[in-house]
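Reader: I am new to this structure. Please show me how to read its features one at a time.

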Amino acid sequence: MVYLSYFKGLLICDVSAPGLSWSEELKAYIGPASKYRDLIFYFKRSNVEVQDKVLDLLPFPIIDDKIQLRKYQEDALLKWFRTRQGIIVLPTGAGKTVIGLKAIALIKQATLIVVPTLDLLQQWYESIKKLLNVEAGRIGGGFDEIKGITVATYDSTYTRLESIGNKFALVIFDEVHHLASEGYSIIAQGLASPYRLGLTATPERSDGRHSLYPSLVGPIVYTITFSELAGKFLSNFTIQRIYVELTEEERKKYEYYRGILKKFLDKKGLQLRSLQDFRNLIKLASRDKEAREALLAWHEALKIAVNSRAKVEKLRELLSKLKDDKVIIFTRNTSMAYDISRTFLIPAITYKTPKNERLEILEKFKEGEYKVIVTSSVLDEGVDVPDASVGIVLGGYGTQRQFVQRLGRILRKKENKIARLIEIVSKGTSDYNLSKRRRQNVAI
């Protein structure tokens, strides 16, 4: 007989087994709670009887499952259900939440849903109420209610991990790419939940930590692209790139700052060919004055390229032709968003925008009172954006994730709608390189 129990995110066992190590302090073999499922399988294969005291599940509520899945959603859930672990990759707007709720309805055991933002916490809460006819618990944003179905932010889950790590059989990680970060990966390790579902439109991470998914939540079990769903479940779409030239004054300033950067890199024998190279420059800048000046020069040059006046004039031209469309303008930074807002007298949504004001702007955009809004990066993820038909990208980062997320914001299905994503790019600058990088190898 083997004794297995849970203690503050750890498994405690009186015998040695794979994934466990001896703790002199606890006088037992210990390991992360995430090893629970593997250990149960291991002891079962070894014909060892286990006194299992790990899970202390919350009671599952009475639900009224009203969910009807589309064919691709059924296929995705079936793939996941074979092992009840793994990640489903679907485009924004393709119904990841619905798949998660159906998984809850089928498993019928205490479930924790982990989300990155308070907006998503509320969206999941409302969806559970609407489609399962039950009120969920919430942890985060001033809420501290733990129930048989609970929605919590990543930060709140991290904080409460030791006390809730054995309370749920199923855990759903929404926007699962957040989970692989150095801090949040501890959440997956501290949960004993044997069933794990990850949901995302963008699984890849620039730091390569997506390689940790199999050990944290399971491998990718299902993927479908925008193009496969376009026309039937998502809007048909086009992607257009418009190139503009810097003004003569902007070009001089751009070349000046790039010259400072190049001089430093040449002197040190360095190159900026990857994200890691750039991180190394940042580290160097923390202790080297010249490196700091070079980094500031890089920043100033990029700001000129991304926020060029030619982009603003091209935007003016486009908006005059798009008076009948709902348009979201995306910028790289907050200052540009507010510049556009003042120049064209349109509402801006940034991280500084109060929640009530943001909700009011989105509601008026949905109703058609506002036809154009501008945002930095806060609408990229975790916010339900009404049915925009045109996205204009004035600036962004060099990540595939942001490109996919922004495309997804304009693909909500509407009859006869053909969505357009338009990138305005400063030719012959680092802005061009960013645009090229975020489109590279993107499965659309």
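This is a predicted model: local features need pLDDT of at least 70, side-chain atom pairs count only at pLDDT 80 or more; totals for chains, interfaces and linings use all residues.

Reader: How many residues does the largest nonpolar core have?

Author: A nonpolar core is a set of buried Ala, Val, Leu, Ile, Met, Phe, Trp, Tyr and Cys residues joined through side-chain atoms within 4.5 Å. Buried means under 20% relative accessible area, exposed over 50%, and partly exposed in between (1.4 Å probe, protein chains only). Here the largest such core has 62 residues, and Ile 88, Ile 113, Ile 128, Leu 132 and Ile 149 have the most contacts inside it. Its largest share, six residues, comes from helix α3 (residues 96-107). Helices (H or I, at least four residues) and strands (E, at least two) are DSSP runs, numbered from the N terminus. Another core, of 23 residues, lies apart from it and includes Val 312, Leu 315, Val 327 and Ile 422.

Reader: Where is Ile 340, and is Ile 340 buried or exposed?

Author: Ile 340 is in helix α13 (residues 334-344). It is buried, with a relative accessible area of 1%. Contact means heavy atoms within 4.5 Å. Not counting residues up to four places away in sequence, Ile 340 touches Val 312, Leu 315, Ile 329, Leu 345, Ile 346, Val 374 and Leu 394.

Reader: What angle do helices α9 and α11 make where they pack?

Author: Axes are lines fitted to C-alpha atoms, for helices over the stretch in contact, and angles run from 0 to 180 degrees between N-to-C directions. Helix α9 (residues 248-268) and helix α11 (residues 289-306) pack at about 150 degrees, with their axes 8 Å apart. Angles under 35 degrees count as roughly parallel, over 145 as roughly antiparallel, 65 to 115 as roughly perpendicular and the rest as oblique. So α9 is roughly antiparallel to α11. Among the residues that make the contact are Tyr 257 and Phe 264 of α9 and Trp 298 and Ile 304 of α11. The contact residues divide into twelve nonpolar, no polar and seven charged. In this count, Ala, Val, Leu, Ile, Met, Phe, Trp, Tyr, Cys and Pro are nonpolar, Asp, Glu, Lys and Arg are charged, and the others, Gly among them, are polar.

Reader: How do α11 and α16 cross?

Author: The axes of α11 and helix α16 (residues 430-439) come within 8 Å and cross at roughly 75 degrees. The two helices are therefore roughly perpendicular to each other. Leu 302, Ala 305 and Val 306 of α11 meet Ser 430, Asp 431 and Leu 434 of α16.

Reader: Which residues are in contact with Ser 426?

Author: Ser 426 is found in strand β19 (residues 418-426) and is buried, at 0% relative accessibility. Leaving aside neighbours within four places in sequence, its contacts are Val 244, Leu 246, Ala 305, Ser 308, Lys 311, Asp 431 and Tyr 432.

Reader: What is the phi of Lys 8, and what is that of Lys 27?

Author: Most residues other than glycine have a negative phi. Lys 8 has a positive phi of about 50 degrees; it lies in the loop between β1 (2-7) and β2 (10-13) and is partly exposed at 48% relative accessibility. Phi of Lys 27 is near 55 degrees, also a positive value. Lys 27 is in the loop between β3 (21-23) and β4 (28-32) and counts as exposed at 53%.

Methods: Residues are numbered from 1 along each chain as its sequence is written. Side-chain values use heavy atoms; hydrogens and water are left out.
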